[in-house]
Amino acid sequence: MGSEMSTTSILDIQNLSVDIPTDSSTLHAVRGISLELNRGETLGIVGESGSGKSMTALALMNLLPPAAKRSAGCISFEGSDLTHATEQELASKIRGQRIGMIFQEPMTSLNPVYSIGRQLKETMTLHRKVSESEAEKRAIYLLEKVGLPDPASRLKQYPHELSGGQRQRVMIAMALMNEPELLIADEPTTALDVTIQAQILHLLRELQQEFGMSMILITHDLGVVSRAADHIAVMYAGDIVETGRTAEVLEDPRHPYTQGLLECVPGYRGTSQQRLGAIPGIVPAMTGTISGCAFASRCPRAADICKTDTPPTKALQQGRYFVCHEPNIQTPENTANTAREAANQTPEDSALKKGEPILTVDGVSCTFMVRRGLFGKRKPLQAMDNVSLTLNKGEVLALVGESGCGKSTLTRTIMGLQKPDSGSVTLNGRRIENLPPMERARMIQPIFQDPYSSLNPRKTIGEIITKPLAVHRIGSRQEQHAQARRIMELVGLPTRVFNSYPDQLSGGQRQRAAIGRALIMNPEVVICDEPTSALDVSVQAQILNLLLDLRDEMDLTYLFVTHNLSVVQHMADRVAVMYLGEIVECGDRDQVMTDPKHPYTHALMDSALSISPGETVPDPGLAGDFPNPMNRPSGCPFHPRCPLADQQCREQAPGPELIDNTLVQCWKAKTSGSQLKS
Amino acid sequence: MMTTDQTMNKSGLTATDATQEENNLGLSPTMAALKRARSHYGLKIGLGILLVMAIFALFAPWLAPHDPYMQNLPLRMLPPVWVEGGSWEYLLGTDHLGRDYLSRIIYGARISMTIGIGAATIGMIIGVTLGLIAGYYGGWLDQAVNFLVTCQLAVPSLLLIMALVFVIGQSITVVIFVIGATHWVFYLVVTRSATLRLRELDFVAAAQAMGCSKFQIAVKEVLPNLVNQIMVIFTLEVAVAILNEATLSFLGLGIPSPIPSWGLMIAEGKQAMFFQPWLVILPGISLFILVIAINLLGDGVRDVTVTNRRN
């Protein structure tokens, strides 16, 4: 413990373990990991859910669930030993004082009954002897720093008056109140929209440099970590399998798990609509005694030795090591090649199959009357304003937009579940409202975002998948079951789960069941509403592969609602961008993604975080937050956030205009490209 | 077929897995529930007690040692056999009119079980139906149902019951219906709020997209998710209904007097509680055992029908 050491390294963890006793055995949530964090640097911890990332962070501050047992050789933070600190010392001197923490869910991590000013000040007065006015001064200073306009008046606001992005900014300000030396951010942007995510990450980076903080960034998003972290630690089943400088790990991954994770990310290698590499299975629960490598069951290169012997730690250089037997060394290029070969076997000529329009949305508007309180006046909320879309047979049309932009209302209208005020939806030449339920169900089916709420927990998987047939009394019971089994095979669901309940399945399996239910009627159009955003990246890759395979096999047409632009890049033929109930840009994928015409599309593309180590988090250059749809701005709805807005934009709403085969709604569309780049 | 195989391989299923699993669907839901039921002690005990009680109630004329209506004034207020002065002739002693207490408890099981379970079931049917309608359809139907609840809560239910019994007449059927018709508010409130939450979930939207009617969704998708909560209220309401019947009987509006019921026995025994406490304790224990058995059964049914184990 020399004084030289503590100047470079702020946190040194040796051999940290977390065990959680269960009824039958012990769950090893974290298994003897060692980590080091240098002053002023960011360490990114990546891994799938269940890999022990959050447990590690909680163990640092001893905030583990009561049943969990922590054991550590040493956790030394700036020379003080956290392993032997009492609960009182941790609470009064460390937590919130020298180590700040930001959680994933901004909606629930602020107390709704206190004003944010009170909550901010409390964090400071609790730990330090400061006057109320000093704390207030600091709170205003920090709220300004995190980019909240008019900070002094914000102090009196309550959490429900702020949007998700604003709340996360408040959380960051709160974590910074006591000038912590270390900030732990546990998935700080996962619940936020892409443009907000970029803003928040950008802000964190700026603040970190300004205050000279160190940071631990826990995330499952490799794009985020590639831009925001200096060092990276890949966790799998409670152990760090590979670590090193971000660029080194991401450019030359050595552990098969790291390689697999990277292959799963759409757009990492190769271009669109190829099969993604996928890691089969899910993270195993580490119970009982473990022999061999925890990844062996999912590893494509596993040899016998992996199942029996604990893999050795192989150091490449100072601070860069991985834990693997390396049974037969295969460079990442080779795995990429096999993925590519597989891709070549699936027909890629999707352009040939593009046929006539199968679904036409023509000038659809929809306004809800929302009443605040019992005697409040009804106010209009315009969810959709003159939306027109065409979906051609066999294509994948991606619908992109932030939460609150009217995507869900549009999909509900397309499925005939929401009656529009004006305009029409035509499916196969027939108005959707004139279709009897059974015919409609045979033509169009949805897949939802959250496989935990889209399957009825009281029904077995078999009942769920056969339900559409049962509702419309198609076939006998035996025929329905046989059909369900065929579909289960098609979506890659083992038939043994036929009589299982949804809570016995993993997230990926549940989503497969939901896909099976949607496909059993053999529909022509499938509405995929963020089908992978609730899933881990390796499972996302499996599902995206499956969806593309099924499209070819069953001749499907997808409307793919998503906010993940790398998924758009991977899946879509065409892209439609939605903002405040309007389609602001719609055209070919490559055209829209590489040469966006609308400033909003431009900002969206800028916010997309592809894996590119070394590059910084871009600032999307958008002013303010997503507006409340109850108070639509006049003129062009995007003008308050638009860097190019002028008098005309504020007063007149632009109409749709066709430029280079792309439909754009913007006064500046013709000149925006050059103006925004400069 | 090529692509299917590939899907299977990529998704982590090897070909051998697929063939092995070909005919192995796992147990059907009913079979699995029965299998779990066999190893669930609470369920077995609850069901056992209820069965024994039902047998006693059904075969009361053969099982009761005496005529429950036979008054024998010289032998009134005999204590049970284990208390000094008790006799083997009257195992649980006699009441203030010298009727055999054991026989009265056995006969009382008939009335009390019928009224308790019957009234709770009627309340459940009314409350759950209205709750589903209010929660799922919403709008003016919801407001109408809420108005009904307010009325029900505003009028003193005992007064209402008395008025109804007085108008319709006095019989077991009337008592069951009247108690049931005044005890549905708990069911309604719970069903309505749970339905409000459930109808926003995606599986309801999926059912709509399938072309299910609102009625089908409410009954087949939403209702199965409410079984737990309804079960809990049911076990509470059985006890409440039995005690309500006692109150009515005590006021002379429930079961016509010589017919034995546990509630009435407690009411009658109250006068002599200090010196002959068994008059209250014995029917009280019977009631307690009945409610416990229903509780155990309810919990058991919940455990057996729902699985929370991941595979």
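This is a predicted model: local features need pLDDT of at least 70, side-chain atom pairs count only at pLDDT 80 or more; totals for chains, interfaces and linings use all residues.
**Entry 1: confidence**

I began with the scores. The model has ipTM 0.76 and pTM 0.80. Over residues 1-23 of chain B, pLDDT stays under 50. The model still gives that stretch 30 contacts beyond four places in sequence.

**Entry 2: helix 17 of chain A**

How many residues of helix 17 of chain A are buried? I found eight of the eleven in residues 461-471, so the helix is largely enclosed by the rest of the structure. The buried set runs Ile461(A), Gly462(A), Ile464(A), Ile465(A), Thr466(A), Lys467(A), Pro468(A) and Leu469(A). I noted that Lys467(A) is on this list.

Arg473(A) comes after helix 17 of chain A and has a positive phi, near 50°.

**Entry 3: Gly508(A)**

I moved to helix 19 of chain A, residues 507-519, where Gly508(A) sits. Is Gly508(A) buried or exposed? I count 27 C-beta neighbours inside 10 Å, and the cut-off for buried is 20 or more, so Gly508(A) is buried. Leaving out residues up to four places away in sequence, I listed its contacts. Gly508(A) touches Ile282(A), Leu535(A), Val539(A), Gln542(A) and Ile543(A). Leu417(A) is 91 residues from Gly508(A) in sequence, and their C-alpha atoms are 27 Å apart.

**Entry 4: helix 6 of chain B and its partners**

Helix 6 of chain B spans residues 101-137.

The one with helix 4 (residues 41-58) of chain B has axes that come within 7 Å and cross at roughly 110°. An angle of 65 to 115 degrees counts as roughly perpendicular, so I call helix 4 of chain B roughly perpendicular to helix 6 of chain B. Helix 4 of chain B brings Met53(B), Phe56(B) and Ala57(B) to the contact. Helix 6 of chain B brings Ile106(B), Ala109(B), Arg110(B) and Met113(B). By class I get six nonpolar residues, no polar ones and one charged.

The crossing with helix 14 (residues 262-269) of chain B has axes that come within 8 Å, at roughly 125°. That makes this pair oblique. Here helix 6 of chain B uses Arg104(B), Gly108(B) and Ser112(B). Helix 14 of chain B uses Trp262(B), Gly263(B) and Met265(B). I class two of these residues as nonpolar, three as polar and one as charged.

**Entry 5: Thr114(B)**

I stayed on helix 6 of chain B, which holds Thr114(B). Its count is 17 C-beta neighbours inside 10 Å, so Thr114(B) is partly exposed. Which residues does Thr114(B) touch, not counting those up to four places away in sequence? I found Ile172(B) and Ile176(B). Leu51(B), 63 residues away along the chain, has its C-alpha 14 Å from that of Thr114(B).

**Entry 6: helix 7 of chain B**

Last, I looked up residues 139-154 of chain B, which form helix 7 with 16 residues. From first C-alpha to last, I get 23 Å, close to the 22 Å expected at 1.5 Å a residue. Helix 7 of chain B is hardly covered, with one buried residue among its 16.

Notes. Residues are numbered from 1 along each chain as its sequence is written. Chains are lettered from A and ligands numbered from 1 in the order in which they are written. Axes are lines fitted to C-alpha atoms, for helices over the stretch in contact, and angles run from 0 to 180 degrees between N-to-C directions. Helices (H or I, at least four residues) and strands (E, at least two) are DSSP runs, numbered from the N terminus. Angles under 35 degrees count as roughly parallel, over 145 as roughly antiparallel, 65 to 115 as roughly perpendicular and the rest as oblique. Two residues are in contact if their C-beta atoms, placed from the backbone, lie within 7 Å. Ala, Val, Leu, Ile, Met, Phe, Trp, Tyr, Cys and Pro count as nonpolar, Asp, Glu, Lys and Arg as charged, and the others, Gly among them, as polar. pLDDT is the predictor's confidence in each residue, from 0 to 100. A residue is buried if 20 or more other C-beta atoms lie within 10 Å of its own, exposed if 12 or fewer, and partly exposed in between; C-beta atoms are placed from the backbone. The expected span of a helix is 1.5 Å times one less than its number of residues.
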